[in-house]
Amino acid sequence: MVCDLESVSLEDLAGGLSGADAVVFAAGAGPNSGSARKDSVDRAAAVLFADAAELAGVPRYLMVSTMGIERAGAPGMDQEFTDYLRAKGAAEEDLRARRIGWTVLRPGPLLDEPGSGFVRLAVPALPLAPVPREDVARVLLELLDAHAAIGRTLELTAGAEPVAEAVRVALASA
């Protein structure tokens with residue numbers, strides 16, 4: 001299903017998710033999209049997606065969020081980035097209040113380069129560092145089948161551990 005998360009109805013989205021074992025929310029408004037879109041995509045679309053997943057009976061929800069949410073509004077931070085961090089934080093709070101089997105993955109700044117298959121994954125907080133999008137996807141695939149990831153928030157950066165081992169270690173220590 002291809003849809004615009006800023007205009008799709010709850011019922012249409014739930015219909016598209018019907019029968020899924022899990023969903024991954026990885027949408028984002030993107031840089032320089034403006035504060036209003038940070039709210040409409042990074043918060044409201046994540047909430048709509050969770051509403052639709054629950055309505056469709058999907059048992060598992062993985063959300064790609066971002067590292068640094070606690071820094072929202074720090075001195076010198078531009079307003080749009082503050083709004084982005086606050087929108088992601090509000091989406092996380094909404095998800096944590098639900099009965100769905102949720103996992104929040106907070107990657108560092110995303111890189112558009114090939115992944116290495118090696119990451120650093122931990123319960124917050126890791127030092128801020130980038131991570132290739134491809135490695136984020138690899139970690140999400142591992143987390144989908146990891147029951148121990150339910151109800152967890154994890155941070156992700158590029159690192160030295162193979163993805164499967166990083167997931168195993170992070171979930172064993174969390």
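A salt bridge is counted here when a side-chain nitrogen of Lys or Arg lies within 4 Å of a carboxyl oxygen of Asp or Glu. The structure is a predicted model, in which local features need pLDDT of at least 70 and side-chain atom pairs count only at pLDDT 80 or more, while totals for chains, interfaces and linings use all residues. Residues are numbered from 1 along each chain as its sequence is written, and side-chain values use heavy atoms, with hydrogens and water left out.

**Exercise 1. Determine how the salt bridge between Arg-43 and Asp-39 is placed in its helix and how accessible its two partners are.**

Step one is the distance: the two side chains meet at 2.5 Å, N to O. Step two is the position along the chain, where helices (H or I, at least four residues) and strands (E, at least two) are DSSP runs numbered from the N terminus. Arg-43 and Asp-39 are separated by about one helical turn, because they lie 4 residues apart in helix H2. Step three is accessibility, for which buried means under 20% relative accessible area, exposed over 50% and partly exposed in between (1.4 Å probe, protein chains only). Arg-43 is partly exposed at 27%, and Asp-39 is partly exposed at 34%.

**Exercise 2. Trace the ring pairs that link Phe-25, Phe-49 and Tyr-61 into a cluster, and classify each pair.**

Rings of Phe, Tyr and Trp (its six-membered ring) pair if their centres lie within 6.5 Å, with planes under 30 degrees apart counted as stacked, over 60 as edge-to-face and the rest as tilted. By this rule the structure has 3 aromatic pairs. Phe-25 and Phe-49 have ring centres 5.7 Å apart and planes at 55°, and the pair is therefore tilted. The two residues are 24 apart in the chain, Phe-25 in strand S1 (residues 23-25) and Phe-49 in helix H2 (residues 35-56). Phe-25 is buried at 1%, and Phe-49 is likewise buried, at 11%.

From Phe-49 the step to Tyr-61 spans 5.9 Å between ring centres with planes at 65°, so this pair is edge-to-face. Tyr-61, in strand S2 (residues 60-64), is 12 residues from Phe-49, and Tyr-61 is buried at 0%.

**Exercise 3. Work out which face of helix H5 (residues 163-173) is buried and what that face packs against.**

The buried residues of H5 are Val-163, Ala-166, Val-167, Ala-170 and Leu-171. Seen down the helix axis, these residues fall within an arc of 120° and so line one face of H5, the arc being that of the directions from the helix axis to the C-beta atoms. On the other side of H5, Ala-172 and Ser-173 are exposed. The buried residues pack against S5, helix H4 (133-144), S7 and S8, with contact meaning heavy atoms within 4.5 Å.
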